[in-house]
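Hi everyone, thanks for making time. Let me put the structure up on the screen, and then we can walk through it together.

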Amino acid sequence: MIIGIDDTDSNEGMCTTYLGALLLEELQAYGAVETFPLLVRLNPTIPYKTRGNAAVALKLKTVCPEKVIAHVISRVEELARIECEKTNPGVVFILEKDYKILKPVLGNFLEEAVRNVIEIQEAKSLIKEFEISSKGFKNGRGLIGALAACGAMLNPEEWDHTFEHLAYRQKERWGTPREIEKESFFEADRKTYPGTWDTVDLTNRLVVCVPHSADPVLFGIRGETPTIVTEAASMIKSEPVERFAVYRTNQGTDMHLLSAANAAEIRDMHSYMLEGMVSAFPKTIHGGHVIFSIRDNEGNEIDCAAFEPTKNFRALVRKLMPGDKVVLSGSASSGTLNIEKIEIKKLAPLHKEENPKCPNCEKHMKSTGQGQQFRCKKCGTHVPSKVRCEVKRDLETGLYEVPPCARRHLAKPLVREKRSDIGIHPAR
Ligand code: ATP
């Protein structure tokens, strides 16, 4: 059977992945866990999320599904932060006999949940129509993520994936500052990058894989294979690890991006790739955010932003100028595209005016006064005005991304990019 769980945590504690890790161990009493547990990131712009809009799915071979259902529901009741207004847990159970019929249905549901906004009623109708065992608490919003996570487990070949090794803290330490040896994270990164990524941010000298919230996560190492993330985790020096789990995940895959044909179709709470031409010089506004606009080939314009948390990425964005051809990836909010990645396809030529060169001597000529002609000191030749010449831009075409400290869970880091037609500039 497949078990999908979502929305068990609050800002004050817990984490659905922790509940998943606990259940992975406890459910061994009822059967054998098949394959890696899944950590599925859903639409990153959903306002109901606590942090990263994650849901979890487990797969178990069992002869006593009723016992499993009772166990999981009682653990969710016990551990979920139901008292928190925003916490509305949902648990879904898919029995093996229903895999075939639900595979395409929940596969579509997963894609919708990652890229679109789903009403709770849609999840409830689907549960009713296919008579899916489930339990929704309070308004039952967690059923959306729980169903989507089951869809991911039913369709493992349909989506690109990476892995995350999540290490959890001892319960008595939850809510206290994490004791970690920072240097061990930089060392693990040195030894395992590019097989792992986003462990540290070298430019900003930050450890980025350790959360600061009150949840049970000590650290999470992301990478391409289960072996490499576990190898990196083994190099970390920190307070004791209570338990860990290696999740298969859609993190770092760009699964959230829709391809926008033009700027007019961009809607808030969705994420896109959009091609266009820079139409206004970037300007830095209060708070350090950098804003510019692009125009698509139908003439529609949209504002684009590199917000302050994107740190050094803003320096790159400030170098853009009208006429540059770009493809942007990012989420739409308040009509603005919040940029995660940028492909600079073509740079507009930059011109400056300079004193002409003498056609005879090749020497730069001197002005004879304001608004006057230019004269060659050596041979006396006159030229009427300054000349326009092209200067090299302080920017190269290619793919660029925000630094690890500003990365969205779903954004595919450039270290995973396989394109060979363009320069790739991974942020480290
Ligand atoms: P954590 O990362 O710590 O697990 P979270 O950020 O995942 O927390 P949740 O507590 O899971 O946040 O809250 C997200 C809620 O939004 C869940 O109830 C989930 O079912 C719902 N949800 C997820 N995707 C969508 C979507 N596309 N449309 C509508 N609701 C969604």
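I'll go through one isoleucine, then the cysteines, then an annotated domain.

One thing to keep in mind from the start: this is a predicted model.

Let's begin with I132. You'll find I132 in a loop, with α4 (120-129) on one side and β6 (133-136) on the other. Is I132 buried or exposed? Its relative accessibility is 9%, and the cut-off for buried is under 20%, so I132 counts as buried. And what is I132 in contact with, once we set aside neighbours within four places in sequence? The list is V92, F93, I94, L102, L126, I127 and L147. For a sense of distance, take Y272: it is 140 residues from I132 in sequence, and their C-alpha atoms are 33 Å apart in space.

Now, the cysteines. How many disulfides does a search of the whole structure find? The count is 0. Take C64, which is in no disulfide: the nearest cysteine sulfur belongs to C150, and that is 18 Å away. C64 is buried, as its relative accessible area is 15%. C150 is in no disulfide either, and for C150 the nearest cysteine sulfur is that of C15, 18 Å away. C150 is buried too, with a relative accessible area of 0%.

Last stop, the annotation. UniProt, in an unreviewed entry, places a domain called "TiaS C-terminal zinc ribbon" at residues 355-395. In the model, that stretch is 0% helix and 27% strand.

Definitions and conventions: Residues numbered from 1 in each chain as written. Predicted model: local features only at pLDDT ≥ 70, side-chain atom pairs only at ≥ 80, totals over all residues. Heavy atoms only, no water. UniProt positions renumbered as here; feature names shortened; annotations may be inferred. Helix = DSSP H or I, 4+ residues; strand = E, 2+ residues; numbered from the N terminus. Buried < 20%, exposed > 50% of the residue type's maximum accessible area, 1.4 Å probe, protein only. Contact = heavy atoms within 4.5 Å. Disulfide = S-S within 2.5 Å.
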